[in-house]
2 protein chains.
Amino acid sequence: MARLLSLVESGGPAAAEALALVFPYTGRAYTIGITGPPGSGKSTLTDRLVGRIRRAGDEVGVLAVDPTSPFTGGAILGDRIRMQDHSTDTGVFIRSMATRGHLGGLALATPHAVRVLDAAGKPWVIIETVGVGQVEVEVAAAADTTIVVVNPGWGDAVQANKAGLLEIADVFVVNKADRPGGDETVRDLRQMIEWSGERDWNPPIVETVATNGQGIDEVWDTIAAHRSHLETDGRLAARRAARLRDEIRSLVVERLGERAAALCAGPGFDELLGRVESRDVDPHAAAATLLNQ
Amino acid sequence: MARLLSLVESGGPAAAEALALVFPYTGRAYTIGITGPPGSGKSTLTDRLVGRIRRAGDEVGVLAVDPTSPFTGGAILGDRIRMQDHSTDTGVFIRSMATRGHLGGLALATPHAVRVLDAAGKPWVIIETVGVGQVEVEVAAAADTTIVVVNPGWGDAVQANKAGLLEIADVFVVNKADRPGGDETVRDLRQMIEWSGERDWNPPIVETVATNGQGIDEVWDTIAAHRSHLETDGRLAARRAARLRDEIRSLVVERLGERAAALCAGPGFDELLGRVESRDVDPHAAAATLLNQ
């Protein structure tokens, strides 16, 4: 499975071929996305959920997704050592994924990796991201149930993205709820949810202390409740169809992007750039010239 | 100028036409990008730099760039009221820009807006972004001199992106340097810079207290030093040519993306999606089918 994941992550024609072979066996795994600011305890929560799933007798795959900074290749993935409880358990498969190359890389690679775990028969796949950046939120939101983990006094940590997190959360977990400010955080969240208007599912708020396991059963029950909500009236199928639509679109954009890169590396490009530098041609006209070639 | 900026931001054929008319008059303004975590004092620093530039007798344009959250249209631009000192000064033009539509929107729209200010004869354009997200960093980095503003104890605020900020910084400003931990922050930055290896320009670190003007002259002198470094050996021209190349590429990608969206809205798409849902066709094959149409 590890080798197949590496192949799939590497992209290119061999990856596409492998995915085509895997695809008919997919569509059965239920995916759980976990996102939240760095330090909020996502890894510990994931660890506890893995334990809960194993006690229920099911196997589980975990994808720990870590977009690197936009300008360097350095990964900052947190300490995976907490997962060592499960390292000898063959019913648990854990994989770290870091972005390579372009911005959309992880957003495209994650569903592929999910499919490998799905085809291998894991009934549950947890996708944990390292923070609340745009790509991370997008990746975590592309799950059947998306959990947003915050802490008491979370406001500062996600100042730029409260509305975005509210939009994607199926479940809010207030982790480290034994710290001061836990109740205010729950009230704050409840108010945000009320203000955001009526929906067919209002995200429940669960308080946890993941380090000692407090609240984990309630998180698990809440995931089950959301799952049965989705399985009513074809909502889950509709959500998955919408994700497939987006994925096909992204693949088309990616292929066209490769064509764009090829256009901008062709023999005429440097000469064209020189004419833009000298202000004889403007950038839009240069782009149009390339597209007409 | 405000109407021209609105036209340019709105995109579409009229914007492209306006930009083509403006473009021959551009290339003279020197741009300063300012980025840093929310609350680090970027607006106050910008305000002080505007004052410094005006005392030098020059006009200045300011673009306050605010990417919204990925999932909602809500803007979170900070308090612009501090800029009111300059509101009656016709030598200062201030414009807030918020993203509309797709991810790359601001990254493409900002250089366009810079060109309008440039063509109007502003010798200085300051681009201030609201935080350290991927798009914001990208926007601020697309300047001649990029200033990264941090505060004492900044580590937590930018945990996910230290390396990215180091990569783009031409100048570090430690603002609110009178607070506890200022010296450690300077040491921390100096060490990060040393560890990052030899380069032709090592970003200076300037301590400021923007609220009372302390250190602003030094920031200004440091910008001037960086400018003359760039103007030696054709570095500024090379940097600007690289930006133009990236911009043309992005425009080509954008146009191709529009074609992709059209492909995925065509009459055959829903039928194709149905075949992907039933696992008869995999997503890559579906994308290839669309591209061949």
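In chain A, strand β6 (residues 171-174) is joined to β7(A) by three bridges, and the two run parallel; within β7(A), Val206(A) is the bridge partner of Val173(A). Helices here are DSSP runs of H or I with at least four residues and strands are runs of E with at least two, numbered from the N terminus, and two strands pair if DSSP finds at least two bridges between them. This is a predicted model, in which local features need pLDDT of at least 70 and side-chain atom pairs count only at pLDDT 80 or more, while totals for chains, interfaces and linings use all residues. Residues are numbered from 1 along each chain as its sequence is written, and chains are lettered from A and ligands numbered from 1 in the order in which they are written.

**The sheet and its helices in chain A**

- Chain A holds 11 helices and seven strands, and seven strands form an open sheet with parallel pairing in the order β3-β2-β4-β1-β5-β6-β7.
- Because β3 (92-98) and β7 (205-207) of chain A stand at the edges with a single partner strand each, one side of each is left without a neighbour in the sheet.
- Neighbouring strands of this sheet are turned by 20° against each other on average, direction ignored, where axes are lines fitted to C-alpha atoms, for helices over the stretch in contact, and angles run from 0 to 180 degrees between N-to-C directions.
- Helix α5 (residues 134-141) of chain A lies across β1 (30-35), β2 (60-66), β4 (124-129) and β5 (145-150) of that chain, at about 155° to β1(A).
- Helix α7 (residues 182-195) of chain A lies across β5, β6 and β7 of chain A, and runs at about 170° to β7(A).

- All six residues of strand β5 (residues 145-150) of chain B are buried, a residue being buried if 20 or more other C-beta atoms, placed from the backbone, lie within 10 Å of its own, exposed if 12 or fewer, and partly exposed in between.
- Both faces of β5(B) are covered, with Thr145(B), Ile147(B) and Val149(B) buried on one side and Thr146(B), Val148(B) and Val150(B) buried on the other.
- Strand β1 (residues 30-35) of chain B pairs with β5(B) in the parallel sense over four bridges, and Thr35(B) stands opposite Val148(B).
- Four bridges also join β5(B) to strand β6 (residues 171-174) of chain B, again in parallel, and Val174(B) in β6(B) is the bridge partner of Val150(B).
- Just after α7(B), Gly197(B) takes a positive phi of about 90°.

**How the two chains meet**

- In total, 53 residues of chain A are in contact with 53 residues of chain B, contact meaning that the C-beta atoms of two residues, placed from the backbone, lie within 7 Å.
- On the side of chain A that touches chain B, the largest share, 15 residues, comes from α9(A).
- Chain A can be laid on chain B with an RMSD of 0.1 Å by a turn of 180° and a shift of 0.1 Å along the axis, the copies being superposed by least squares on the C-alpha atoms of residues with pLDDT of at least 70 in both.
- The two copies are thus related as by a two-fold rotation axis.
- Leu256(A) comes closest to that rotation axis among the residues of chain A, at 2.9 Å (C-alpha).
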